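Visitor: I would like a short tour of this structure. Where shall we begin?

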Amino acid sequence: MPRPILATVHGAALRHNLERVRRAALDARVWAVVKANAYGHGIERVFDSLRAADGFALLDLAEAERVRALGWRGPVLLLEGVFEARDLELCSRLSLWHTVHCDEQIDMLAAHKTQVPQRVFLKMNSGMNRLGFTPERFRSAWTRLNALPQVEEISLMTHFSDADGARGIAHQLEVFERVTQDLPGERSIANSAATLRHAPQTRVDWVRPGIVLYGSAPDFPEGDAARWQLQPAMSLRTRLISVQTLQAGDTIGYGSSFTAEGPLHIGVAAVGYADGYPRHATTGTPVLVDGVRTRMVGRVSMDMVTVDLTPVQAAGVQAGFGSEVTLWGAASNGTLLPIDEVARAAGTVGYELMCAVAPRVPFALDGDEAAA
Ligand SMILES: *Cc1c(COP(=O)(O)O)cnc(C)c1O
C-alpha cells in the first residue's frame with residue numbers, strides 16, 4: 001500500500017470560486033492567476049475548471065507554454081514581463097501579453113524583431129515599491145512604448161500593498177488615477193482582496209484574482225472563506241498509522257514539547273514537514289480526524305505528526321487501515337477545515353501552505369469533472 005497521504009483538487013470548488021469573483025467583478029474581465037503552478041494545485045489540474053476565465057496570468061514562460069499546450073488560445077499575461085531579450089521571441093510565437101515595469105524591458109522591445117506587434121501592460125509603482133515606473137516616470141515610459149512599432153496596444157496596471165488591510169487602497173488609487181486619467185488603454189488594478197473588498201473602484205477592465213480562486217480568504221482573519229463564500233480547492237488528507245496511550249507525565253516526540261496531564265490517546269498521522277506541512281504548526285493547530293475537529297500535539301516531524309484523539313475516541317487503525325486525517329480542506333464527511341486557520345496557527349498565510357505541498361505528495365482531481 002502506498003503511503004496514505006493525498007492532496008485532492010476540487011474542480012467544482014474552483015468553478016464556484018471563479019463564479020464568486022465574477023459576481024464581485026461584474027463586467028470586468030477576469031485573469032485567473034495561475035502562477036506558482038496554480039498556487040500549488042497544478043496548472044493542468046485546474047485548467048478545465050478555470051477555462052471560463054477571460055485569461056490566465058502567471059510569471060513563468062514554462063508555465064505559459066503549459067497553458068498554450070492545454071489548447072488555451074485566449075489571453076495569457078506574464079505578470080513580471082520578460083526576464084531577457086530572447087523571451088520576447090516566445091511572446092511573439094505564443095502571443096503572450098507581458099508586463100513592462102522597467103526601462104530595460106522597453107529597450108528589449110525596441111530591439112526585438114517581429115512582424116506581430118505585442119500587447120503590453122505598463123506597470124506603475126503607485127506605492128508598493130516593488131515593480132513599476134514611479135508616477136513621475138510613468139508617462140515618459142508610456143510615450144516611449146507608444147512610439148515603438150513592436151507595440152500594438154498598451155494597458156495600464158498597478159498593484160496594491162494593503163488591499164487586505166486597514167490602510168486600504170485609496171492612497172495608491174489616487175496616484176494611479178491622477179497620472180493615468182487622460183491616457184488611453186485598458187486598466188487592471190485589483191488582486192483578490194481589492195476585487196472583494198474595494199469594489200466598485202477596482203472593478204476596471206481586468207481583475208487579477210489568485211488566492212480566492214483556490215478558496216482562501218485574502219484578508220483572514222478579518223474575512224474568512226465562509227464570509228466570502230469561498231470553497232476550498234484543495235484538501236490535504238492522510239491517515240493514522242499508529243495510536244499511543246499516554247499516562248500523566250508522558251511526553252510526545254522530539255524535544256518532548258508536549259506533556260500529557262492525564263491519560264491521553266494520541267494518533268500518529270502520515271504527514272510531516274517533508275510533505276509541506278508547516279513545522280511551525282505547534283500544539284493546538286487544528287486538524288480533523290474522521291471529520292471531527294481536534295488539535296495537533298507535540299512537534300511536527302519530517303514524516304509524522306501527532307494528534308489528540310480525545311474528541312474522537314473511536315478513531316484508530318483497524319486491520320492496517322487508519323482513520324482519515326484532514327490537514328486542511330474538506331474531510332470525506334464534508335466537515336471543513338479552512339487552510340487559513342492552519343496557516344495562522346503556523347504563523348503564515350494560506351498562500352504559502354498551498355504553494356509548499358511537496359513533490360512527494362500525490363495529487364488527484366476529485367470525481368466531479370464530468371461537467372468540465
Ligand atoms: C500574484 C498576483 C496577483 C494575485 O494576487 P492574489 O492576492 O492571490 O489575488 C495579482 N496581481 C499580481 C501582479 C500578482 O503578482
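This is a predicted model: local features need pLDDT of at least 70, side-chain atom pairs count only at pLDDT 80 or more; totals for chains, interfaces and linings use all residues.

Visitor: Which pocket does the space taken by the ligand form?
Guide: Look first at the surroundings. The ligand has 13 residues around it, and the closest include K35, Y39 and S192. As for the space the ligand takes, it is the largest pocket.

Visitor: What percentage of the ligand's exposed area does the protein bury?
Guide: The side chain of R208 places an N or O atom 2.9 Å from a ligand nitrogen atom. An oxygen atom of the ligand lies 2.8 Å from a backbone N or O atom of G210. Taken alone, the ligand exposes 390 Å², and the protein buries 92%.

Visitor: How far is an oxygen atom of the ligand from an N or O atom in the side chain of Y351?
Guide: Y351 is among the closest residues to the ligand. The distance from its side-chain N or O atom to the ligand oxygen is 2.6 Å.

Visitor: Is S155 buried or exposed?
Guide: S155 sits in strand β7, residues 151-158. Its contacts beyond four places in sequence are R119, V120, F121, L122 and E186. Buried means under 20% relative accessible area. S155 has 0% relative accessibility, so it counts as buried.

Visitor: How far apart in space are G223 and I211, C-alpha to C-alpha?
Guide: G223 lies in the loop between β9 and β10. G223 touches A217 and W228, leaving aside residues up to four places away in sequence. G223 and I211 are twelve residues apart in sequence; in space, their C-alpha atoms are separated by 13 Å.

Definitions and conventions. Residues are numbered from 1 along each chain as its sequence is written. Side-chain values use heavy atoms; hydrogens and water are left out. Helices (H or I, at least four residues) and strands (E, at least two) are DSSP runs, numbered from the N terminus. Buried means under 20% relative accessible area, exposed over 50%, partly exposed in between (1.4 Å probe, protein chains only). Contact means heavy atoms within 4.5 Å. A residue is near a molecule or strand if one of its heavy atoms lies within 4 Å of it. A polar contact is a pair of N or O atoms within 3.5 Å; within protein, one must be able to donate a hydrogen and the other to accept it, and residues adjacent in sequence count only if both atoms are side-chain atoms. Accessible areas come from the Shrake-Rupley method with a 1.4 Å probe; for residues, only the protein chains shown count as cover. On a 1 Å grid over the protein atoms alone, a cavity is a set of points where a 1.4 Å probe fits but cannot get out, and a pocket is an open set with protein on both sides within 12 Å along at least five of seven lines; lining residues have an atom within 4 Å of a point. A molecule sits in a cavity or pocket if more than half of its atoms lie within 2 Å of its grid points.
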